[in-house]
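Trainee: I would like to learn how to read the packing of strands and helices in a model of this kind. Could we go through the features together?

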Amino acid sequence: MTATPVYDLDPCDPGFVRDSYPFYAAMRDLGRIFEWRQLGHRCCGRYDDVNAILRDRRFGRQILHVTTREELGWPEPAAHLGPFHAFEEHSLLELEPPRHTRLRSFVNASFLPRQVDRFATPIERLAQDLIDGVAASGRCDLVADYAAPLAVGVIADFLGVPQGLSPQLLAWSHDMVAIYQARRDRGIEDRTVAATMEFSALVREFVAARRRDPAEDFLSQLVTAADGAGRGLTDDEVVTMGILLLNAGHEATVHALGNGVRAILERVPDPAAAVAANAAGHVEEMLRFDAPLHMFTRYALEDVEVAGERFRKGDVVGLLLGSANRDPAKFADPDRFDAMRSPNPHVSFGMGIHACVGAPLARLEMQVALRVLFERLPGLAIVEPPRVKDAWHFHGLEALHVAW
Ligand code: HEM
């Protein structure tokens with residue numbers, strides 16, 4: 001085996017955060033696997049390797065089901081993060097089989113096409129209402145005034161939580177997901193814990209109400225569902241699932257819409273006509289071209305050799321989704337925005353057992369949002385240089401100022 005190449009780059013480097021793609025090209029050229037010095041672990045950025053490791057059951061999002069903190073040399077978890085870890089303990093996203101398989105089987109049914117399609121009309125109504133609110137002003141911030149309230153409104157509807165709570169849900173969700181960013185300090189951690197506790201208390205009230213009086217919504221489906229042995233989910237499991245869906249379900253969608261509308265306005269000649277002709281193709285290309293989530297990590301669950309590299313049990317590998325989507329070995333002319341790509345097998349929703357369960361809802365929401373936006377405001381144009389958020393792997397815009 002040859003020595004692993006090393007890449008030297010501060011992930012907070014402003015040039016990299018603003019436009020990561022030229023850096024990814026250099027990373028792919030280094031080799032299939034490289035050590036990213038500042039992240040302290042190895043990464044891969046080529047499509048075939050990212051895709052393969054996401055599907056490889058010898059790697060997992062979690063490691064403590066096959067070993068101990070002691071064996072890994074990890075310190076005990078910080079006491080002040082207790083409530084957050086208690087939440088994560090039941091999180092689909094943080095579990096591996098068999099618990100993952102069981103929890104996922106409870107949610108899969110709620111995301112079948114006929115369940116998700118019921119939301120097309122409420123999503124359209126919400127999108128139209130939001131455009132009604134800004135149409136007369138002639139300009140808006142597409143992220144704050146359209147994408148964010150739409151995404152949180154849709155997920156609140158899906159869960160069965162009143163729309164009036166959306167601003168509070170948004171605030172909690174931001175505080176919770178802040179803990180996953182590269183820059184993290186005690187202030188961020190304390191806010192994450194406070195938000196987790198307040199958010200859990202609210203969802204717990206909804207869960208109790210749905211247990212007494214089930215309705216048609218997702219939380220009701222979760223509290224009434226049972227597995228083959230007649231066992232249902234516990235309250236803690238339902239509460240975590242509700243919060244996970246709110247967190248996972250809105251942030252990525254907001255950024256996918258913001259990044260994607262920016263790409264369309266900057267790169268597609270007659271965007272209103274193009275979107276009207278092929279909204280679905282534009283959504284897939286928006287997701288590929290400027291994905292909202294750029295990296296997920298996996299632990300080697302055993303000693304394993306992949307892509308010519310040896311990983312010891314517990315080693316971390318970073319899977320660069322944003323890079324895989326621009327790999328010229330998979331996508332012809334990858335830096336060109338082309339809504340006619342077919343197939344368009346981007347990895348923005350992940351692959352393997354953790355692949356995004358909410359993808360059908362996200363796709364529907366993005367298609368409706370895009371169509372309504374360009375139907376109502378066909379003269380849309382960017383009026384201020386877009387500012388990219390200062391958090392590399394949650395890749396989104398601070399604001400997208402547009403006028404019509
Ligand atoms: C454009 C929008 C979205 C993108 C790009 C996205 C992306 C992703 C990705 C990449 C993963 C896999 C993470 C990994 O493999 O480590 C994931 C998982 C997940 N997503 Fe999404 N997501 C989006 C929208 C949504 C929505 C709307 C929902 C909920 C309604 C949702 C719920 C989830 C959940 C619950 C998981 C965990 C699945 C599991 O671990 O089995 N996502 N998402």
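Trainee: Which residue in β9 is the bridge partner of Y299?

Mentor: Strands of a sheet pair through backbone hydrogen bonds, either parallel or antiparallel. Here the bridge partner of Y299 in β9 is V316, and β6 and β9 pair in the antiparallel sense over five bridges; two strands count as paired if DSSP finds at least two bridges between them, and helices (H or I, at least four residues) and strands (E, at least two) are DSSP runs, numbered from the N terminus. This is a predicted model, in which local features need pLDDT of at least 70 and side-chain atom pairs count only at pLDDT 80 or more, while totals for chains, interfaces and linings use all residues. Residues are numbered from 1 along each chain as its sequence is written, and side-chain values use heavy atoms, with hydrogens and water left out.

Trainee: What is the order of the strands in the open sheet of six strands?

Mentor: The order is β1-β2-β3-β9-β6-β4, with mixed pairing. β1 (6-7) and β4 (59-60) stand at the edges with a single partner strand each, so one side of each is left without a neighbour in the sheet. Two bridges join β4 to β6 in an antiparallel pair, where F59 has A300 of β6 as its bridge partner. Strand β2 (residues 34-36) and strand β3 (residues 41-44) also run antiparallel, joined by three bridges, and F34 stands opposite C43 in β3.

Trainee: Which helix lies across β3, β4, β6 and β9?

Mentor: That is helix α3 (residues 47-55), which runs at about 125° to β9; axes are lines fitted to C-alpha atoms, for helices over the stretch in contact, and angles run from 0 to 180 degrees between N-to-C directions.

Trainee: Where do β5 and β10 stand in the open sheet of three strands?

Mentor: The order of that sheet is β5-β13-β10, with antiparallel pairing. β5 (139-141) and β10 (381-382) stand at the edges, each with a single partner strand, so one side of each is left without a neighbour in the sheet. Three bridges join β5 to strand β13 (residues 401-403), and C140 has V402 in β13 as its bridge partner. Helix α9 (residues 142-159) lies across β5 and β13, at about 65° to β5.

Trainee: At what angle do the axes of α13 and α17 cross?

Mentor: Two packed helices are described by the angle between their axes and the distance between the axes. The axes of helix α13 (residues 235-267) and α17 come within 11 Å and cross at roughly 45°. The two are therefore oblique to each other, given that angles under 35 degrees count as roughly parallel, over 145 as roughly antiparallel, 65 to 115 as roughly perpendicular and the rest as oblique. The residues of the contact (heavy atoms within 4.5 Å) include L257 and V261 in α13 and M366 and L370 in α17.

Trainee: How far apart are the axes of α15 and α17?

Mentor: Helix α15 (residues 279-289) and α17 have their axes 9 Å apart and pack at an angle of about 115°. The contact includes V283 and L287 of α15 as well as R363 and Q367 of α17.

Trainee: Which protein atom is the donor to the iron atom of the ligand?

Mentor: Donors are N, O and S atoms within 2.8 Å of the metal (3.2 Å for Na, K and Ca), and water is not among the atoms, so sites may look incomplete. The single donor from the protein is C356 (SG), 2.3 Å from the iron, and C356 lies in the loop between α16 (321-324) and α17 (359-376).
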